[in-house]
Amino acid sequence: MGGVQGAVAHTAEEVYARCTPVEAAAVRALLLRLVNPGYGAEDTRRPVLRDELGDADTTARVLEQLVWARLLTVDGDTVDLAHEALISAWPRLRGWVDEDRERLRLHRRLTEAARTWQQLDRDAGALYRGVRLTSAREEFGSTPGELSRLERDFLAASVTAYEAARRAAARAARRLRSLTVSLAVLLCLAVVAGATAWRQSGVGARQRDEAQARRVAAFADTLRPTDPRTAMRLALAAWRTADLPETREAVRTAAAQSDRAAFTEPAQLGAPDAPHWLGADGRILTTVVRDKAVQWDVRRQRHLREVAVPGLSEGIVDVSADARWIAYRGRDGATVRNLTNGESHRVAPGSWTDTGGAFGPSGRTFVVRREGRGAGDEGATVEVWDVRRERVLFRYPGGDRDGPLPVLSPNDRFLAWCTHDGERLRVWDVVERRRVATEPPARTQRLLCRSDEPVFTPDNRALAAGTADGVVTWDFHADRGRPLLPMPGEDVNSVEFDPTGAYVLTGGSAGLALWRTDSPAPTDGGPRRPLITFPVETPAVTDIRLDPREGVLRYREGSRAGVVRTLSLHELISPAWRNRARTDAAFDAYGQPAEPAVRPAVRAVAADGTVHTAVSTRDGILVTRQGAHPVSHVLGRRSEGPAAIDPAGRTVVTAEGVLIDVATGGRRQGLQGEDLLPTAVFSPDGRYLAAADTQGRLTLWDAGGQHRIAVLAAADSTVERPALAFSADGSLLAASRADGSVRVWETASPRLEGATLPTGDGPVLAIGFAPGAEELYIASPHLPLRAEQLTPERAAGEVCARAGGGATRAEWRRYLPDVPYRRTC
């Protein structure tokens, strides 16, 4: 190496050699702060302000030495590399950058976020949350000395805010979802802050657009849980602004995201402590404020009606499941009123002191519990009223005054409540006026009674509740329990069945989960698994609802009563569901279903349709080229097992990472550093090899297995092996994950996180690409093949349909102020 680069490298190495170990560590930290790692491009220098380097004596000393050696320059308060060639010319610095590349990127994002926080006068809305906070804590929490004072303050404030929010949410849940916290959406400030941080002056229009597109794509990812429609529109706007790997990934993720919409009741029409009810399918939100019943269409996010009733705010009791009726108490009883036509009925006359009530699921009945009036009377009278006929259908004077209100079955025939301080369950037949004879075990009774929201199953034969064990269901007709639906390590607070009873939605501190109630127990003896899970931003979740007709679920945030979120069910509630699960599947080179190889064989399909298989035998690995004239021969050693065979049938990869030449039997060790490989796959164009080891680590290699290009996933399931597939041209790689989702990476930019496509009904059995990689086909155990859009154009069409159009001019001005407006849909 000669010229300026050689001289720079030589000078840098001399200065470094003279440093003490403490000074050497300071030199490394200082120089890495002055480097901006590239994303598929060259690394560049990064000027910083002097205060970002800290005020340690060692740092000041090595800074002076590097400036004296003309390796750094100081211009006022700005410190910079004197020569950008130092990054590539000095092997030691280049090695440091390569070794800590991902850590440096995370550090740069932390630095930028801290600056934005400082510019916003340390506004709490700019703090880290969720995945970003978790990543920063894991990376820098144990070594805060690497961070500047501002970065340490920012990270500490983010952790403090997170812990405070978590504790507040827990308190809200324990107090039956009391509205103790009101979160303000700092959307405008976040956008302005993001725009300010990413603005660049003095660059060309193309570079400006790319920088803005990357910023908006990243911001759309953070916005998705709180404002999914805007997030979808922003992802699409980012791709329309600049066609980049980051923006293509964003629009693919937006087209498949679970979050569909978030309805927020207008602040000027609500009240912080107003009660709210969400209809049975989640389509109508009802609130009572200032003696008015106000209803909103959640789907269309518009006002439906408001009905004024004197004294309603003080007297409101309940709203029916179909959102048509309200019940409110007065001086001499309760009134049930139809909000659509004004029809009203009187029920439960008399004083309503120490009296509670609720509608039955059908809306035709109303349950009343009156506490005893006499001194020392600990009992209560339970009544079931026919609303329209204004008469009592059932009365029982031996109820308990404490605990949840009695609940009615969907057909209004059975009534359940708890006695003896929540220790015993009682189920009565309202029509025959007798108690159901069957009685569950004592522990089951306690679990059902201590639940906040026990419910009847849609078949009117069983009672279910969310408990610390999961969803416990007791069939009082058959006198036996139904299979437990567990949520390991987490309590289930809410349970909601679909009308058929085949599906149940659960909600708890771990999030939401959709289950199939008739799924058989796993053959390995493990617990039943949900079809799909949905993490939520806050554990304070109430009023979970299924809307099978639209294929969505909705829920209300407990800490923000006027916020209803809508999530896609990804076609999991389907009449095409198969009770008998498939155990294997495969696709050919054109994405069409094909006959899978008999495990433990592996298969690959050439471009001309020729199928090559490899299977372990007692004598070695049997490789077969199928067709009209099949050819087979054995290679390798005894007890060796194949992990993959390339589509041309020329190379086999063993579970130990050995690559065997099929023609010559030659062996060479590859995939160094990986554990045993249960599965791998070659790209059809012969450029890449993707491998998953027994620790769930997924890596991308050159086809020879000698150079690791990227670690795509650091860990996943150690039990289930993922489904892997490349597109025909090798430009895309798809891999299933243990949570039932599929990740898609562009092989040209594998260090990005990849587009996430939630699917459910795991584990994914096989993945296949359509010709031209326009769609991704996914095979799962119980559902027909499902397709996800992959080309940005098709994904954009899906986003336009789901988001109800593209970004408006007002949204564009807010989020992309430096880029000329363009139509996105």
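# Close-up views of a predicted model

**View 1. Strands β37 and β38 are paired in an antiparallel sheet.** Strand β37 (residues 611-617) runs antiparallel to strand β38 (residues 620-625), and 6 bridges join the two. Strands are DSSP runs of E with at least two residues, helices are runs of H or I with at least four, and both are numbered from the N terminus; two strands pair if DSSP finds at least two bridges between them. Val615 has Leu622 of β38 as its bridge partner. The open sheet has 4 strands in the order β36-β37-β38-β39, with antiparallel pairing. Its edge strands, β36 (602-605) and β39 (631-635), each pair on one side only.

The model is predicted, so local features need pLDDT of at least 70 and side-chain atom pairs count only at pLDDT 80 or more, whereas totals for chains, interfaces and linings use all residues. Residues are numbered from 1 along each chain as its sequence is written, and side-chain values use heavy atoms, with hydrogens and water left out.

**View 2. The largest nonpolar core has 32 residues.** Such a core is a set of buried Ala, Val, Leu, Ile, Met, Phe, Trp, Tyr and Cys residues joined through side-chain atoms within 4.5 Å. Buried means under 20% relative accessible area, exposed over 50%, and partly exposed in between (1.4 Å probe, protein chains only). The residues with the most contacts inside the core are Leu31, Leu72, Leu81, Trp90 and Leu93. Among the elements giving two or more residues to this core are α1 (3-17) and α2 (21-33); α2 gives the most, with 6 residues. The buried residues of α2 include Ala24, Val27 and Leu31.

View 3. A salt bridge is a side-chain nitrogen of Lys or Arg within 4 Å of a carboxyl oxygen of Asp or Glu. Glu210 is buried at 18% relative accessible area, whereas Arg206 is exposed at 57%.

**View 4. A salt bridge joins Arg395 and Glu383.** The N to O distance is 3.0 Å. Arg395 belongs to strand β18 (residues 391-400) and Glu383 to strand β17 (residues 379-386), so the pair ties together parts that are 12 residues apart in sequence. Arg395 is partly exposed, with 48% relative accessibility, while Glu383 is buried at 6%.
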